[in-house]
Amino acid sequence: LHMSLRAVAELYDEGKAIFFANTGHLSKPVSKHNWITETRGQLFSHFHMMKESEYVDSFRKKAGTGVLGRMLDILQLNNYSVNANGINGHAEMLNGDPSVPRGVDVIRSDGLDPFYPEKPSSTTSINDMKAAFRDLNAMSQINTGIYGDHWSQAFIDGEYRTAEIRGALGDSTANTVNSFAGSAGNRLKMVSKLIRTRELRKVNRDAFHVHLHGFDTHREMVASVNHLLTDLNRGLDAFVKEMRHINLFDQVTVVFASEFGRTIAMNTVSGTDHAWGGNYFMLGGAVNGGQIMGKYPESFDKLDATNDGRGRLVPTTSWDSLWNGIAQWFGITDENELDFVLPNRQNFGCQLFTDKEMFVGGTQVIEGCQGKRLVLEQTLRLNEARYLKPEEQLEYCKALIKVIHEKAPEIGKVRCTVIDQKVGRRLSNDAATYEMTLTTDLNTDAENENSFSVLASDDATANVLEILKENPDFVLAVDNVTTVVPPSVAPTPAPATPPTTPTLSPSEGVAPTTTPSLSP
């Protein structure tokens with residue numbers, strides 16, 4: 001941990017902070033051998049990766065919405081009083097579904113100006129301005145269009161909302177007792193003031209977005225990071241003290257994240273360049289801290305399974321994983337509602353964190369991950385040499401799960417993820433047909449050793465293909481090789497070359513480490 005982040009180190013030692021190792025945007029679990037073909041998104045671009053970290057929706061199933069906005073949507077529909085707050089700017093992470101009536105309050109760190117100027121020009125009084133705006137945005141006339149109505153309503157809502165927030169921030173309850181300073185401190189001071197006024201604002205679930213700039217350190221990285229993290233540490237220290245003073249630290253969780261990590265190796269001007277996986281942290285009074293979740297690289301050698309060159313790390317933990325546990329802590333535990341918040345969570349099988357792991361008093365587990373695990377290999381014939389698209393992989397998993405439930409309904413919840421695919425040879429007797437081998441990770445709550453035995457039969461293979469025949473790219477399955485291994489909360493990644501025969505030796509599950517790595 002950087003020497004400047006003393007407040008974070010103290011919270012970690014106190015058991016109030018967690019680190020997330022090698023985390024970033026993923027469409028599904030990948031390795032350095034297949035990430036190019038298996039990852040959706042424009043990697044290494046600030047603009048695009050910032051959006052991915054805010055959307056947490058690789059396939060845009062909930063287009064235009066962000067992960068915090070979708071959380072607030074569910075809570076609002078469940079009769080919570082919620083609010084989205086952007087400090088010094090709007091963030092797409094806060095956008096909810098347009099059908100849910102709620103906007104985003106954008107509030108400067110130094111407060112809000114009055115809607116009407118306190119010192120109007122000599123020729124126009126405040127009353128004149130109010131009269132003009134009332135006339136401009138009055139009831140619809142016969143020639144008024146839908147866009148005019150929408151603008152007028154937005155204007156009126158903005159005027160009232162500004163007055164409401166200014167009134168709350170002007171109340172004595174908003175006054176902080178701790179000294180905030182610096183860029184991060186000023187932003188977190190406004191968050192503190194808004195939390196203090198939650199009752200005046202009639203809110204019991206708040207989401208805040210604070211954006212800190214300056215971490216694109218292509219030059220002179222050491223000096224820049226020293227300054228930025230010193231500022232962040234000072235702000236976090238004051239914020240934690242403020243929350244403890246008002247006895248709300250147990251009800252607040254702070255997540256620190258970035259669009260991507262940086263290369264481990266320096267460039268020629270003492271800077272670092274765009275990479276992928278990064279290490280982040282979360283803190284709060286209810287956090288089950290003192291642990292590192294995810295898998296930290298075993299080394300930064302170029303031969304390491306995560307190192308794609310210059311210390312650019314392929315993530316082993318997705319944003320979906322950590323937000324799953326945070327959503328549960330926030331009050332969202334229904335499986336369908338979690339799928340709304342995280343539309344791509346099913347693509348990560350059992351590689352999702354839970355509030356039971358992340359928070360004191362958490363009770364949730366990942367349904368379908370408490371029993372047996374099976375690695376299934378199946379060879380398909382395709383009419384061209386290509387990989388299955390992510391959407392096709394999801395359809396393949398749906399077909400497998402459907403067959404399992406039809407033949408063994410007692411097995412309960414099943415989770416399925418395609419973890420590798422290999423394009424094989426072109427069949428000599430058919431120039432237009434190619435072999436494709438899929439490796440799939442299946443998990444269930446069932447503990448019977450033969451839980452997945454229904455897939456070993458020829459008729460099960462035929463049933464899967466019958467379902468897939470609706471897609472002309474799926475022609476025929478010619479092989480079906482399976483092996484059962486012990487369950488694991490975080491299934492190990494697929495090997496570079498999947499085995500072609502079953503193995504009788506168990507695979508070793510990877511549990512989160514609780515101590516930082518000493519590797520350089």
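This is a short tour of a predicted model, stop by stop, with something to select at each one.

Before you start, note that residues are numbered from 1 along each chain as its sequence is written, and that side-chain values use heavy atoms, with hydrogens and water left out. Because the model is predicted, local features need pLDDT of at least 70 and side-chain atom pairs count only at pLDDT 80 or more, while totals for chains, interfaces and linings use all residues.

**Stop 1: helix α1**

Select residues 6-14, which make up helix α1 (helices, H or I with at least four residues, and strands, E with at least two, are DSSP runs numbered from the N terminus). Colour Ala7, Val8, Leu11 and Tyr12, the buried residues here (buried means under 20% relative accessible area, exposed over 50%, partly exposed in between, with a 1.4 Å probe and protein chains only). They cover an arc of only 135° around the axis, so they sit on the same side of α1 (the arc is that of the directions from the helix axis to the C-beta atoms).

Now turn to the face pointing away from that buried side: the exposed residues Arg6, Glu10 and Asp13 are there. Next, show β1 (17-24), α8 (221-245), β6 (278-284) and β7 (291-293), against which the buried residues of α1 pack (contact means heavy atoms within 4.5 Å). Just after α1, click on Gly15, which takes a positive phi of about 85°.

**Stop 2: aromatic rings**

The structure holds 12 aromatic pairs (rings of Phe, Tyr and Trp, the last by its six-membered ring, pair if their centres lie within 6.5 Å; planes under 30 degrees apart count as stacked, over 60 as edge-to-face and the rest as tilted). Select Tyr12 and Phe19: their ring centres are 5.4 Å apart and their planes meet at 50°, so this pair is tilted. Tyr12 is buried at 12% relative accessibility, and Phe19 is buried at 16%.

**Stop 3**

Move to Trp329 and Phe330, whose ring centres lie 6.0 Å apart with planes at 15°, so the pair is stacked. Trp329 is partly exposed at 24%, whereas Phe330 is buried at 11%. Then show Arg205, which lies over the face of Phe330, 5.8 Å from the ring centre (a charge sits over a ring if NZ of Lys or CZ of Arg is within 6 Å of the ring centre and within 35 degrees of the ring normal).

**Stop 4: His48**

Finally, select His48 in helix α3 (residues 46-55). His48 is partly exposed, with a relative accessible area of 26%.
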